[in-house]
Amino acid sequence: MEITQPEIVAELNAATLHASLADASMESMNLLNQIADEYPEAISFAAGRPYEGFYDAAQVHEYLQTFCDHLRSERRMTETEIARTLYQYGETKGIIAGLIARGLAVDEGIEAVDGSVVVTVGCQEAMFLVLRALRAGSRDAVLAPRPAYVGLTGAALLADLPVLPVHTGEHGIDLDDLLTQLRRARAAGRRVRACYVTPDFSNPVGASMDVADRHRLLEIAENENLLLLEDNAYGVFHTSAERPPTLKSLDRGRRVVYLGSFAKTGVPGARVGFVVADQRVTGDGGDRLLADELSKIKSMLTVNTSPIAQAVIGGKLLRHGCSMVEANRRETDVYRRNLSQVLAGLARRFADCPGVTWNEPTGGFFVVVSVPFVVTDAFLQHAARRFGVLFTPMHHFYGASAQCRQLRLSISTLTPERIEQGLDRLAALITERLRANGGAAAQEAGAANGAATPPPPPAGPPPARRAARPAPGRCPVIRTLAVVGTGLIGTSLALAAARQGVRVHLLDNDPSAVRTAAALGAGLPGPPPEPVDLAVIAVPPSLVATVLAQQQARGLARTYTDVASVKYEPERAVLARAPDPTRYIGGHPLAGRERSGPLAARVDLFQERVWVLTPSRLTSRTALDRALSLIGLCGAVPLVMQSKAHDDAVALTSHVPHVVSSLMAARLGAGPPQAARLAGQGLRDVTRIAGGDSRLWSDILQANAGAVAGVLTDLQADLADLLTALRDLAGPPDRRSAHSLAAVVDLLDRGIAGLGELSTGLPGRPAQLATVRVRIADRPGELSRLLAATAELGVGPEDAQVRPADGVRGDLTVRLAVPAVVSGPLLARVAAEGWDAGTEADGRPACVA
């Protein structure tokens, strides 16, 4: 007879496990993920994840290949060594620490000391390493703003390091309260090791510190002998003209430990972060860096960060000149658009709703909404189940047991359409709760009448921004406009017209482009209910006649124009195929950007720019006048030309320069491996425009092939003469002809003379130029910082000349040639950033083309 023994299962008493596991806040991330998984169809404002619209699995392989090419060319590795680097355990501090240091110099002006960078498994590990290293005894503690990122509080729990809260104000951590809490803790016997701070778009409140407060915080750190733990997960997403300096870039006393992450800017799934810890550690074992101590802890925690994951991030860095700012231009535009849309959407739905308020960050991922009732996890579950919308209750950032009347909205992952749907659902949810609470909630929030019903959300898209109508002059005022093609040009002119009170209708074969343009405030998606005054055909040259004929057949508008950069062939096709060519006039605004698509659009893109009109022999006066009216609304300068003369001109001034730029950029791929490392500003100026859309440019070149070929033929003759002269000069000295050197000099002199032609401008309203001189330090990243700070005013690399500063060793003088009307705001911006500057009006008219 077989006797069965009872099964004995091991059991662990929770009281015998680490104390952090009993803290309710440790459940925050798991709980939020669980609710999201349970309601996958809900619109989520909860997760602070980066935008997914540009993800492409093929890029992971491309980044990996780029990094391998880097190992071959720069680090001279053999194929065996490359394979070992990727497959084997790697250096504890990481294999891309040097590239990260290079990126910090490019983007932030941070000069990382050799050996001070440790690559980590996400920024979360970086936080834990630092806190674990600083925790030497039970008296130790760390300061952090309240509310605080749950990753920081969680890491501190695991490191047995208490977090002492500091009040958060409108512009981030309250420095007066920081001093109060620091001194109070020390008086109580605490040893405060550091203060954690996120100066840029902090999670969860989205607040940013101004520059003055950054300097003051560093002074406090020096005076109080305090380390600062700077978390900069979101600083890259400032708009280019307003990125303030990081604490680390201002740090002269090595008071700042810099925590970085590629989760928001690189590839989140790679789980790569880093820490810059250049503080000196003295005592037993000799003089070393804090980074060396952190690598000891890491070697016993994760051993090393995945070399393959590092290689992917390294490849992305290399692909973008080690600049995560450049790598995230598209994403930054998305986040700015989404933030504007969410703030405008909250205002439309809750502006007159007592007790419902929200903050207004200038960037980042997050907005905090305050409501007159406690927001619990049960309320979140109700929101997901009943209304299909998710958010994050703010009590998770104060401590899971806190009673909090706020919720956090993350704006980073949603499309414009989903944002509108999500805000509608949020409005319905809050309305339901306010009505259920009756007047009490409103009275609690300070409402006088107890009414607490938000206005119903509008059914249509956000209204266009309105301004006073311009004086009509002799041209008929355009009251309605249709834009067919919502790319850069189409969306920009729609924005300009909408700003002047014109009702704009947006059409495009790509529905997402229409939604994006509408979300930016460019107009209403879809065709108008009746013919508009003017329709703008914003499509490539080869499609102008086809699209025009289709829209005329549908009765879209009373008159039509286009914006293609080639005019003669489209005009011929229109005359042959359009139902009514008298209602059409060719147009070409001489404006653009190096980026394309509606997210690159600017309301001021056409200000003081020449806008060519090419009336055909059949164009009516009404079509001409309405096109002139549109040009006036956009602030541009009209110039009337014949289509053939226009094409000959732009072949020389636009199309051939793009071809030459592309040819020069293409040579880089065939050049020596080290050539790109020697590239200076001259090469960047020559190749800057080579990055245009190849499909669009092939269409342009095909449409204007004859004129382009003519200019290239002349250029070919000049190159042949130059080649003959240079070959002669490369020969033995006794056989060189004096005529060869003279030919080279003549070509260069003709180039200088031709450059002078640009300063004569074009017919219209030439703008006077002024030269602003700025003195900057001769160090890596300083010129980039200057150009980033002035980009919003339209200043670019092409406007800058750089020379050593007279009489000041180690400084540079940057001369910026700008329209005189811009010089005042430019001086103010430069001065605000701390540079010395002055002007010298040179009286030359600016080229407006």
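Glu293 lies in helix H10, which spans residues 290-301; helices here are DSSP runs of H or I with at least four residues, strands are runs of E with at least two, and both are numbered from the N terminus. The structure is a predicted model, in which local features need pLDDT of at least 70 and side-chain atom pairs count only at pLDDT 80 or more, while totals for chains, interfaces and linings use all residues. Residues are numbered from 1 along each chain as its sequence is written, and side-chain values use heavy atoms, with hydrogens and water left out.

Is Glu293 buried or exposed? Glu293 counts as buried because its relative accessibility is 18%; buried means under 20% relative accessible area, exposed means over 50%, and partly exposed falls in between, with a 1.4 Å probe and protein chains only. Not counting residues up to four places away in sequence, Glu293 touches Val281 and Arg288, where contact means heavy atoms within 4.5 Å.

With these terms in hand, the whole chain can be described. The protein chain has 849 residues, of which 48% are buried. Its secondary structure comes to 29 helices and 28 strands. Of the contacts with a separation of 6 or more, 73% are accounted for by residues 24 or more positions apart.

The interior comes next. In soluble globular proteins, nonpolar side chains tend to be buried together. A nonpolar core is a set of buried Ala, Val, Leu, Ile, Met, Phe, Trp, Tyr and Cys residues joined through side-chain atoms within 4.5 Å. Which residues of the largest nonpolar core touch the most other members? They are Ile96, Ile100, Leu346, Phe391 and Leu409, out of 80 residues in that core. Leaving aside neighbours within four places in sequence, Ile100 is in contact with Val117, Val119, Phe262, Phe274 and Leu317. A second, separate core holds 39 residues, including Val514, Ala522, Phe606 and Ala623.

Ala623 leads on to helix H22, where it is one of the buried residues. Helix H22 covers residues 621-633, 13 residues in total, and reaches 18 Å from its first C-alpha to its last. That reach is close to the 18 Å expected at 1.5 Å a residue, the expected span being 1.5 Å times one less than the number of residues. How many residues of H22 are buried? The count is 10 of 13, and the helix is mostly covered. Among the buried residues of H22 are the charged-group members Asp625 and Arg626, along with Leu624, Ala627 and Leu628. After H22 comes Gly635, with a positive phi near 75°.

Gly388 follows H14 and has a positive phi, near 70°.

Helix packing can be followed in H20 (residues 544-554) and H21 (residues 568-577), which pack at an angle of about 35° with their axes 8 Å apart. Axes are lines fitted to C-alpha atoms, for helices over the stretch in contact, and angles run from 0 to 180 degrees between N-to-C directions. The crossing of H20 and H21 is right-handed; a crossing is right-handed if the near helix is turned clockwise from the far one by less than a right angle, and left-handed if anticlockwise. On the H20 side, the contact is made by Val544, Ala545, Thr546, Leu548 and Ala549, and on the H21 side by Pro570, Ala573, Val574 and Arg577. These residues divide into seven nonpolar, one polar and one charged. Most residues other than glycine have a negative phi, and most peptide bonds are trans. The peptide bond from Arg146 to Pro147 is cis, with omega near 5°, and Pro147 lies in the loop between strand E3 (140-146) and helix H6 (150-158). Asn203 and Pro204 are also joined by a cis peptide bond, with omega about 20°. Arg76, a residue other than glycine, has a positive phi near 55°, and its relative accessible area of 61% makes Arg76 exposed. Asp160 likewise has a positive phi near 55°, and Asp160 counts as partly exposed at 37% relative accessibility.
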